[in-house]
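Subject: Structure handover and notes

Hello,

Here is the structure that you were waiting for. Please look through it first; my notes follow below.

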Amino acid sequence: MTAVLPPSHDPDEPALTETPIVNEKETRRGKDDAGASIWRLAFRRLRRNPVAIIGAVIVAIFLIVAIAAPWLAPFPGDATPGRNLIRPTFIPGPSAEFPLGLDRFGGDVLSKLIWGARASLVIGVLSTLIGLVGGVLLGLLAGAFGGWVDSGVMRLVDLMLAVPSLLLAVSIAAVAGQRPFAVILAIGVVQIPIFARLLRGSMLAQKGQDYVLAARSLGLSRGTVTMSHVLPNSLGPVIVQATLVLATAVIEAAALSFLGLGGGRPTTAEWGRMLTQAQNELAIAPQLAIYPGLCISITALGFTLLGESMREALDPRSRKG
């Protein structure tokens with residue numbers, strides 16, 4: 001039997017190398033990503049993230065219910081259509097006319113939950129705008145000027161952060177009085193130092209980038225570079241934080257209303273106030289506390305999932321293509 005020897009390799013011939021297998025879809029995606037903006041890339045990652053989709057669906061449902069409350073709610077928010085059906089030791093449960101039952105005052109629970117979504121949306125958006133505007137102004141001052149301005153602003157921010165957020169909000173709401181705007185102001189002021197520190201840190205990181213040096217070498221002033229380049233590129237984390245703050249605002253608004261600092265009447269359709277009024281009825285109608293509690297939890301969860309997904313999508317350290 002003759003042994004078959006493997007073919008000898010000629011040292012003068014170039015060695016054969018294996019051709020790497022290239023995924024055509026990944027190559028096309030890489031070419032598309034090369035010319036796309038950071039927000040477009042982030043949106044593409046969000047579309048492929050199931051957690052972001054779940055959060056976006058929850059937020060979308062919340063927004064639709066809040067905006068369309070006048071058309072979705074069977075009764076006005078402060079109406080008491082079933083007050084004649086209430087007894088001292090009996091509160092009617094779900095029925096054909098009142099799908100989720102009645103509360104102690106004879107109000108339709110379903111209608112109050114729907115109108116409560118609108119109240120939570122107004123409080124969340126307005127308080128977030130107050131915190132965002134105040135925080136951006138302070139962060140812009142600290143990040144743009146530096147030096148003693150930065151030190152002074154940061155000491156003020158540290159002073160605000162030294163007080164627990166809920167305690168500070170309760171103090172502001174108590175001083176402002178029993179009015180709905182007091183809750184908005186209290187929640188907004190509490191969020192100012194968070195936005196200020198975040199924007200300052202982002203601006204300091206952007207000021208060390210090469211494009212800032214290139215812009216200054218072209219003769220652009222510091223103010224022009226800051227407002228036209230550094231600030232727009234620093235707002236990404238701030239916008240993501242605003243989404244997370246909306247979740248916090250819904251919870252804190254419910255907490256302040258639960259403590260009786262939200263103003264309004266006992267029949268006011270607001271989730272926190274519904275929790276407050278349900279405490280005395282837990283023995284005979286525990287659903288009066290379960291329904292608004294679920295609404296608060298699910299809404300806060302939706303904003304949190306969406307905000308965290310946006311943070312991951314915009315973070316270069318966690319990008320997966």
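The UniProt record, an unreviewed entry, lists residues 51-73, 121-149, 156-175, 181-199, 238-261 and 282-306 under "transmembrane region". UniProt positions are given in the numbering used here, feature names are shortened, and such annotations may be inferred rather than shown by experiment.

Some ground rules come next. This is a predicted model, in which local features need pLDDT of at least 70 and side-chain atom pairs count only at pLDDT 80 or more, while totals for chains, interfaces and linings use all residues. Residues are numbered from 1 along each chain as its sequence is written, and side-chain values use heavy atoms, with hydrogens and water left out.

Overall make-up

The protein chain has 12 helices and 0 strands. Both kinds of element are DSSP runs numbered from the N terminus: helices are H or I with at least four residues, and strands are E with at least two. Of the 321 residues in the chain, 41% count as buried. Buried means under 20% relative accessible area, exposed means over 50%, and partly exposed lies in between (1.4 Å probe, protein chains only).

Two of the listed spans

In residues 121-149, the C-alpha atoms at the ends lie 35 Å apart, and the span is 97% helix and 0% strand. For residues 238-261 the end C-alpha atoms are 29 Å apart, with 88% helix and 0% strand.

Helices α8 and α10

How do α8 and α10 pack? Helix α8 (residues 180-207) and helix α10 (residues 222-258) meet at an angle of about 150 degrees, and their axes are 8 Å apart. α8 is therefore roughly antiparallel to α10. The axes are lines fitted to C-alpha atoms, for helices over the stretch in contact, and angles run from 0 to 180 degrees between N-to-C directions. Angles under 35 degrees count as roughly parallel, over 145 as roughly antiparallel, 65 to 115 as roughly perpendicular, and the rest as oblique.

The contact of α8 with α10 is made up of 18 nonpolar, 8 polar and 2 charged residues. Here Ala, Val, Leu, Ile, Met, Phe, Trp, Tyr, Cys and Pro count as nonpolar, Asp, Glu, Lys and Arg as charged, and the others, Gly among them, as polar.

I187 lies in helix α8 and is buried, with a relative accessible area of 0%. The C-alpha atoms of I187 and A169 are 5.9 Å apart, although 18 residues separate them along the chain.

The largest nonpolar core

Which residues touch the most other members of the largest nonpolar core? Among its 33 residues, they are F62, W271, L288, I296 and F303. The elements giving two or more residues to this core are α2 (38-47), α3 (50-67), α5 (109-145), α10, α11 (271-278) and α12 (287-314). The largest share, 9 residues, comes from α12. A nonpolar core is a set of buried Ala, Val, Leu, Ile, Met, Phe, Trp, Tyr and Cys residues joined through side-chain atoms within 4.5 Å.

Other buried positions

G55 is in helix α3 and counts as buried at 0% relative accessibility. G55 and L301 are 246 residues apart along the chain, with 7.3 Å between their C-alpha atoms.

S127, in helix α5, is buried with a relative accessible area of 0%. From S127 to A249 the C-alpha distance is 7.1 Å, and the two are 122 residues apart in sequence.

Regards
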